[in-house]
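This report walks through one chain, from its overall layout down to single residues. Look at the sequence and the model first.

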Amino acid sequence: MNALKLVAILLIVGGVLGLTYGGFSYTKDTTAMKLGPLELSVQEKETVNVPVWVGIAAIAAGGLLLVIGGKSR
């Protein structure tokens, strides 16, 4: 499998996952206060939303790469 087909498959899988879940969240550790030896840290939950058009565009680009990659040989 060449690199072009691998990228195309990853784009299609990423687009489907983006459409299925609509986004992802992660936890970010931040230092709120540091006073001498004491340190107060806070965990913040961040959410990233993936727009529908990005998922559709990734699927379309992956499909196009598969078609172009198959015809170039």
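## Charge

Here Lys and Arg count as positive, Asp and Glu as negative, while His and the chain ends are left out. On that basis the chain carries 6 positive and 4 negative side chains. The centres of these two sets are 24 Å apart.

## Model and confidence

The model is predicted. Mean pLDDT for the chain is 89. A value of 70 or more is reached by 95% of the residues.

Helix α1, residues 3-21, has the highest mean pLDDT among the elements, at 93. Strand β1, residues 23-35, has the lowest, at 86.

## Fold and overall shape

The chain contains 2 helices and 2 strands. Their order along the sequence is α-β-β-α. The radius of gyration is 20 Å, whereas the globule rule gives 11 Å for 73 residues, so the chain is more spread out than a compact globule.

Along the principal axes, the trace spans about 65 × 25 × 10 Å.

## Surface and contacts

How much of the chain is buried? Of its 73 residues, 10% count as buried.

Take the contacts between residues at least 6 apart in sequence: 52% of them join residues at least 24 apart.

Gly-18 sits in helix α1. Is this residue buried or exposed? Its relative accessible area is 14%, which is under the 20% cut-off, so Gly-18 counts as buried. Beyond residues up to four places away in sequence, Gly-18 touches Gly-23 and Val-50. Pro-51 is 33 residues from Gly-18 in sequence, yet the two C-alpha atoms are 7.9 Å apart.

Val-50 lies in the loop between β2 (38-49) and α2. Its relative accessibility is 24%, so Val-50 counts as partly exposed. Neighbours within four places aside, Val-50 is in contact with Gly-18, Gly-22 and Gly-23. From Val-50 to Gly-14 the C-alpha distance is 11 Å, across 36 residues of sequence.

## Around Ala-58

Ala-58 belongs to helix α2, residues 52-71. At 16% relative accessible area, Ala-58 is buried. Which residues does Ala-58 contact, leaving aside its neighbours within four places in sequence? They are Leu-11, Ile-12 and Gly-15.

Val-13 gives a further distance for Ala-58. The two residues are 45 apart along the chain, and their C-alpha atoms are separated by 8.6 Å.

## Val-16

Val-16 is another residue of helix α1. Its relative accessible area is 41%, so Val-16 is partly exposed.

Terms used. Residues numbered from 1 in each chain as written. Predicted model: local features only at pLDDT ≥ 70, side-chain atom pairs only at ≥ 80, totals over all residues. Heavy atoms only, no water. Helix = DSSP H or I, 4+ residues; strand = E, 2+ residues; numbered from the N terminus. Rg over C-alpha atoms; globule rule 2.2 N^0.38 Å. Buried < 20%, exposed > 50% of the residue type's maximum accessible area, 1.4 Å probe, protein only. Contact = heavy atoms within 4.5 Å. Charge placed at Lys NZ, Arg CZ, Asp CG, Glu CD. pLDDT = per-residue confidence, 0-100.
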